[in-house]
Amino acid sequence: MWFKNLQLYRLPVPWGIELAKLEEQLARGPFQRCPSHEAMSRGWVSPRGDGALVHALNRQWLIALRVEQRLLPSSVINDEVKERAEAIEAQQGYKPGRKQLKELKERVTEELMPRAFTKRRTTFVWIDPQAGWFCVDAGSPAKAEEVIEHLRWSLDEFPLQLLHTQLSPTSAMADWLAGGDAPAGFTIDRDCELKAVGEEKAAVRYVRHPLEGDEVKSHLAGGKLPTRLALTWNDRISFVLTEKLEIKRLAFLDLLKEEAEQSVENADEQFDADFALMTGELARFLPQLVEALGGEVKEEK
């Protein structure tokens, strides 16, 4: 139970929904297997496998959305359509028209869908209702939007907003690199990406490379801006900050995981220990990250 990415959102502080009410409303959209004629299904599953749709511990909540998709490549459909279109042409003496091809493709897709393999994935969400954090363990906003869309469908009200900071991550990262130092509590690691703002979008990537030298500063002076920067917080969490205020490659350092493994006797206890330690660390880390970016911008109601 260790998140690897964070898409960051904000809820009202505190978020007023009760745990029982959240559980009840999530039950409106549980996961069900993808029907044979459908390309995809999605719904809520128990994060810990105990039947509860919300896992609650120390006033921290965990929910999980499962998505099942049928894998039917367009190349398979197109090959079958082409073969059938050739047979139709041979039979009627001329090529099928656009409308006939469209109907043929729809029919082929419908016929092949039940035979397609399925693939599942589960996206976890940590909710801190007291501090107003809503964090999705997803590598892209699109994956997070799947969760948010299904929540909006499931809940009576869902007052969610993106996290906005006074400083953009790009300008803050540029200042840190130009000055050769990160804000208090953070250290700059050895991975970075810089991109030019011109039409060509020239990019320079550093991997396991020192970033404090003149080379990086010359790229900054030449107009390139940082879009990704690897950082470590308090020697406890390493991560990559992106220009869109996403947290990638989130890693809790080994000492933390060793703490979670102490005095646990079974898988359920390990799950709770991991979740408690992870959320405790993130609850301290995120406010300091926001402070490093100049503080939060509160949207007017």
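## Basis of the description

Helices (H or I, at least four residues) and strands (E, at least two) are DSSP runs, numbered from the N terminus. This is a predicted model, in which local features need pLDDT of at least 70 and side-chain atom pairs count only at pLDDT 80 or more, while totals for chains, interfaces and linings use all residues. Residues are numbered from 1 along each chain as its sequence is written, and side-chain values use heavy atoms, with hydrogens and water left out.

## Backbone features

Val13 and Pro14 are joined by a cis peptide bond with an omega of about -10°, and Pro14 lies in the loop between strand 1 and helix 1 (19–26). Arg208, a residue other than glycine, has a positive phi near 50°; Arg208 belongs to the loop between strand 9 (203–206) and helix 6. Most residues other than glycine have a negative phi, and most peptide bonds are trans.

## Helix 2 and helix 3

The axes (lines fitted to C-alpha atoms, for helices over the stretch in contact) of helix 2 (residues 74–92) and helix 3 (residues 98–112) come within 9 Å and cross at roughly 130°, the angle running from 0 to 180 degrees between N-to-C directions. Helix 2 and helix 3 are therefore oblique to each other, given that angles under 35 degrees count as roughly parallel, over 145 as roughly antiparallel, 65 to 115 as roughly perpendicular and the rest as oblique.

Contact (heavy atoms within 4.5 Å) involves, among others, Val81, Arg84 and Ile88 of helix 2 and Leu101, Leu104 and Val108 of helix 3. By class, this contact has nine nonpolar, four polar and four charged residues, where Ala, Val, Leu, Ile, Met, Phe, Trp, Tyr, Cys and Pro count as nonpolar, Asp, Glu, Lys and Arg as charged, and the others, Gly among them, as polar.

## Helix 5 and helix 6

Helix 5 (residues 169–179) packs against helix 6 (residues 214–221) at an angle of about 135°, with their axes 9 Å apart, and the two helices are therefore oblique to each other. On the helix 5 side Ala174, Leu177 and Ala178 meet Val216, Lys217 and Leu220 of helix 6, a contact with five nonpolar, no polar and one charged residues.

## Lining of the second largest pocket

A pocket is an open set of points on a 1 Å grid over the protein atoms alone, where a 1.4 Å probe fits, with protein on both sides within 12 Å along at least five of seven lines; lining residues have an atom within 4 Å of a point. The lining of the second largest pocket includes Tyr9, Pro141, His164 and Glu246, and its largest share, three residues, comes from strand 1 (residues 7–10). The lining residues divide into six nonpolar, three polar and two charged.
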